[in-house]
Amino acid sequence: MLQVSLARLKQGHWTSRYPLELPTLPDRFRGLPVVDSTRCPEGCRECAQVCPTDAITTDGGIRIDLGRCLFCTDCMEACPEGAIRYTREYRLSTRTRADLIAQEHKTLKLAEALDEKSRRLFGRSLKLRQVSAAGCNACEADVNVLSTIVFDLGRFGIQFVASPRHADGLVVTGAVSENMRSALLTAYEAIPAPKLVIAVGACAISGGPFVDNPEVHNGCASLLPVDLFIPGCPPHPWTILDGLLRLLGRLDNTPAK
Amino acid sequence: MNANIGFACIRNGMAIPRRDIPELPFADFRARVVEAVASGGRLACLFGDPASTLSSGADAMSLYAVIADSVRAQIHVGTTRLTSDRFPSLTPDCHPAHLFEREIAEQYGLRPEGHPWLKPVRFHASYRPGHDAWDRPEGTTPIVGVMDYYRVEGEEIHEVAVGPIHAGVIEPGHFRFQCHGEQVFHLEISLGYQHRGAERTLVGGPNKRTLHTIETVAGDTSIGNATAYCLAVEALTGAQVSARAQALCGIALELERLANHTGDLGALANDVAFLPTASFCGRLRGDFLNLSALLCGNRFGRGMIRPGGVGFDLDDARKAQFLDKLAGAYRDVTVAVDLLWDSASVQARFENTGAVSLDDCRAIGMVGPAARACGMECDIRQDFPWGIFRFKQIPISTSESGDVFARAFVRWLEIGRSVDFIRSLLSEFPDGPVRAEVGKLRPNHLAVALVEGWRGELCHVALTDDQGRFARYKMVDSSFHNWNGLMLALRDQQISDFPLCNKSFNLSYCGHDL
């Protein structure tokens, strides 16, 4: 017992002061991509051509679909002029699929809070059932990490529960394999209404690296009504927490940089 | 095992022309695999290949076997051409072939006659329309989880079915327990829920999506699988990777091990309700993941390992920061994990729970920390060294009891050795570029890459066609070998110990389901 107490003292205090203090991410962290099309050579489509998930379109200015984006380095490396770069902006979640487009001179429309009635229901106590439907265990890991002492999800009244019948919403990760479709729908049906659906990661939003494989359904949006899209491969835990709190109206809606 | 078994003999991370691989009559092929495995060889991979024989008839099929001889660090590759859709199963005489043959049956409709346990693996239709190992009518789609489960009959026997969705934030899989009260007579595990077609889509590559598919085959093993893939590609292109890049690859791989082993020790503590270590290690796992992010911007090491080297360098300032954070994390993880060994309540739950004997471990071909916990001295970093591991060795960490304690303790030993390894590499960090040019893949070649991921052996086999594209790309996750170990570990255990046993293996579902 004495040893446990001593160890506790040695470990120190690690719970972040978020949201009073915002997190600092490592300098190489790849958050919101920004585009400087003045650097684009005439007719160049290099970035779009190398993008592994075809997240980039160049007609009428570069547009990056964050729902497909793996936040990899391929477009940056391919661009001869440095027209695309990643920022450390981790706030990326949106309420609609269409809002997940990053383009020049346009700030990302971050997730708005639920309506007042829903917020009264879920704002101070949100129980979520997570279902991995062909996720690679990276999104799952960074959802799980929210329950550790650094993020301490419980202090926001958010908790992952074992039974869908105890849940207010579903967190989906993975591209939704045909082999998980039925189990995912069963879990959704078992959650009492009104209920939320949150898609976490490129796979759950668009199929990610597995997009258009016949074995998957390109994410959960074709099967379920999604209330919150949290992009990334995987999204950083801060991105996920930011999205959840925005949905509940617990953060002010400062636009992304 | 014999140094010459009549197969082609190569080293880890080497490519050979496909014409140099002896094509044996099936009976010979079978006899040599059985004999090699019986005399100490490891069946690293056994797979079907349709493309190689297209010239001699569209429906002809070949089998390939990859046998690893850890004594001589040699890898033996042999092949045989099948003359019909049925062949005498290897499994009755060579247990490690069991799941491979089920996979071959499911993928290509080839029936291993006499296979004792011929059930689907991932529940998808045959890749060769009109050929089905179970003679299911063409066009029927198998339903995941629907198969004949092993059943124990008796008045006081009950069956417990769990999953695919489990109570925690984890991947899906289905578990069937045959129980007598609390006691488990048998556990059967049926997977396939995570099947995304990952391996199938690699054919025709490499293309712009290939490396990203590899990195997400098992997200917690992004570095391990990317390392194996790049090793295969470098073998096929003849790319020369600089010493500095090799060192960085090794550091990334050990960081992945540190993060996952730390997380596992915390999760094991959680499963025996020992909350101090559980909560400390939850945070510390994140600290190791953040070290990967310091290196390459991503907590899972995405973007770090690239054909020809690495995507990111480690300059002096970053190196100092890296070592400082590594020291802090290691100091704290030592305090956290020492509590486990000093707490009688934890040891009482760890010891003699879920034991696998060394004989069983060998017979079914287990790998990685789970095998080392049974006393098996196997570690690709030592036995088949590649990259930086050819120049700097990591001692093999083993234990003896094969139980939850041993699996936990091996992880702890490996944490210490990985930290030492990283520090030692950085103390004499070589100069040089971090990425070399990679040319085109050699046509009609085969390359084998073995890597010791944090769960154990990862085996990638790449076959190129006459255009230098992947005709077949076979991946074997360590979990493919080890799920059977978990089944054996549960025999005669209390069903309430399942979560603890499961966590002590912590196997990959998606790495298995591909």
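Which residue just after H8(A) takes a positive phi? The residue is A:Gly249, with a phi of about 70°. The model described here is a predicted one.

**Enclosed helices**

- Among the buried residues of H8(A) are A:Trp238, A:Ile240, A:Asp242 and A:Arg246.
- The partners against which the buried residues of H8(A) pack are helix H5 (138-144) and the strands E6 (126-132), E7 (158-160), E9 (196-200) and E10 (228-230), in chain A.
- In chain B, H2(B) likewise has 11 of its 11 residues buried, so this helix is largely enclosed by the rest of the structure.
- The buried residues of H2(B) include B:His98, B:Phe100, B:Arg102, B:Glu106 and B:Tyr108.
- B:Gly109 follows H2(B) and has a positive phi, near 65°.

**Aromatic rings and charges over them**

- Over all chains, the structure holds 23 aromatic pairs.
- One of these pairs is B:Tyr108 with B:Tyr127: the ring centres are 6.1 Å apart and the planes stand at 75°, so the pair is edge-to-face.
- B:Tyr108 belongs to helix H2 (residues 98-108) of chain B, while B:Tyr127 sits in the loop between strand E8 (111-113) and strand E9 (157-162) of chain B, so the pair ties together parts 19 residues apart in sequence.
- B:Tyr108 is buried, at a relative accessible area of 5%, whereas B:Tyr127 is partly exposed, at 27%.
- In the pair B:Phe389 and B:Phe421, the ring centres are 5.1 Å apart and the planes lie at 5°, so the pair is stacked.
- This pair links distant parts of the chain, 32 residues apart: B:Phe389 is in the loop between helix H11 (380-383) and helix H12 (404-427) of chain B, and B:Phe421 is in helix H12 of chain B.
- Both B:Phe389 and B:Phe421 are buried.
- A cluster linked by ring pairs contains B:Phe175, B:Phe177, B:Trp483, B:Phe498 and B:Tyr509.
- B:Lys119 is placed over the face of B:Trp117, at 4.0 Å from the ring centre.
- B:Arg176 is placed over the face of B:Tyr149, at 3.9 Å from the ring centre.

**Helix packing in chain B**

- Helix H7 (residues 316-342) of chain B and H12(B) have axes that come within 11 Å and cross at roughly 160°.
- With an angle over 145° counting as roughly antiparallel, H7(B) and H12(B) are therefore roughly antiparallel to each other.
- The crossing in which H7(B) passes H12(B) is left-handed.
- Residues of H7(B) that take part in the contact include B:Phe322, B:Leu326, B:Tyr330 and B:Trp341, and those of H12(B) include B:Phe405, B:Trp412, B:Val419 and B:Arg423.
- Helix H4 (residues 222-237) and helix H5 (residues 243-271) of chain B have axes that come within 8 Å and cross at roughly 150°.
- H4(B) also passes H5(B) in a left-handed crossing.
- B:Ser222, B:Ile223, B:Gly224 and B:Thr227 of H4(B) make this contact with B:Ala252, B:Leu253 and B:Glu256 of H5(B).

**Two buried residues of chain B**

- B:His124 is located in the loop between E8 and E9 of chain B and is buried, with a relative accessible area of 8%.
- Beyond its neighbours within four places in sequence, B:His124 is in contact with B:Glu106, B:Gln107, B:Arg136, B:Pro142 and B:His195.
- B:Gly286 is located in helix H6 (residues 275-296) of chain B and counts as buried at 5% relative accessibility.
- From C-alpha to C-alpha, B:Gly286 and B:Asn260 are 9.6 Å apart in space, and they are 26 residues apart in sequence.

**Backbone features**

- A:Tyr18 and A:Pro19 are joined by a cis peptide bond, with omega about 0°; A:Pro19 is in the loop between helix H1 (2-11) and strand E1 (33-35) of chain A.
- A cis peptide bond also runs from B:Gly163 to B:Pro164, with omega near 20°; B:Pro164 is in the loop between E9 and strand E10 (174-180) of chain B.
- A:Asp152, a residue other than glycine, has a positive phi near 50°, and at 28% relative accessibility A:Asp152 counts as partly exposed.
- B:Ala73, also a residue other than glycine, has a positive phi near 55°, and at 17% relative accessibility B:Ala73 counts as buried.

How values were computed. Residues are numbered from 1 along each chain as its sequence is written. Chains are lettered from A and ligands numbered from 1 in the order in which they are written. This is a predicted model: local features need pLDDT of at least 70, side-chain atom pairs count only at pLDDT 80 or more; totals for chains, interfaces and linings use all residues. Side-chain values use heavy atoms; hydrogens and water are left out. Rings of Phe, Tyr and Trp (its six-membered ring) pair if their centres lie within 6.5 Å; planes under 30 degrees apart count as stacked, over 60 as edge-to-face and the rest as tilted. Helices (H or I, at least four residues) and strands (E, at least two) are DSSP runs, numbered from the N terminus. Buried means under 20% relative accessible area, exposed over 50%, partly exposed in between (1.4 Å probe, protein chains only). A charge sits over a ring if NZ of Lys or CZ of Arg is within 6 Å of the ring centre and within 35 degrees of the ring normal. Axes are lines fitted to C-alpha atoms, for helices over the stretch in contact, and angles run from 0 to 180 degrees between N-to-C directions. Angles under 35 degrees count as roughly parallel, over 145 as roughly antiparallel, 65 to 115 as roughly perpendicular and the rest as oblique. A crossing is left-handed if the near helix is turned anticlockwise from the far one by less than a right angle, and right-handed if clockwise. Contact means heavy atoms within 4.5 Å.
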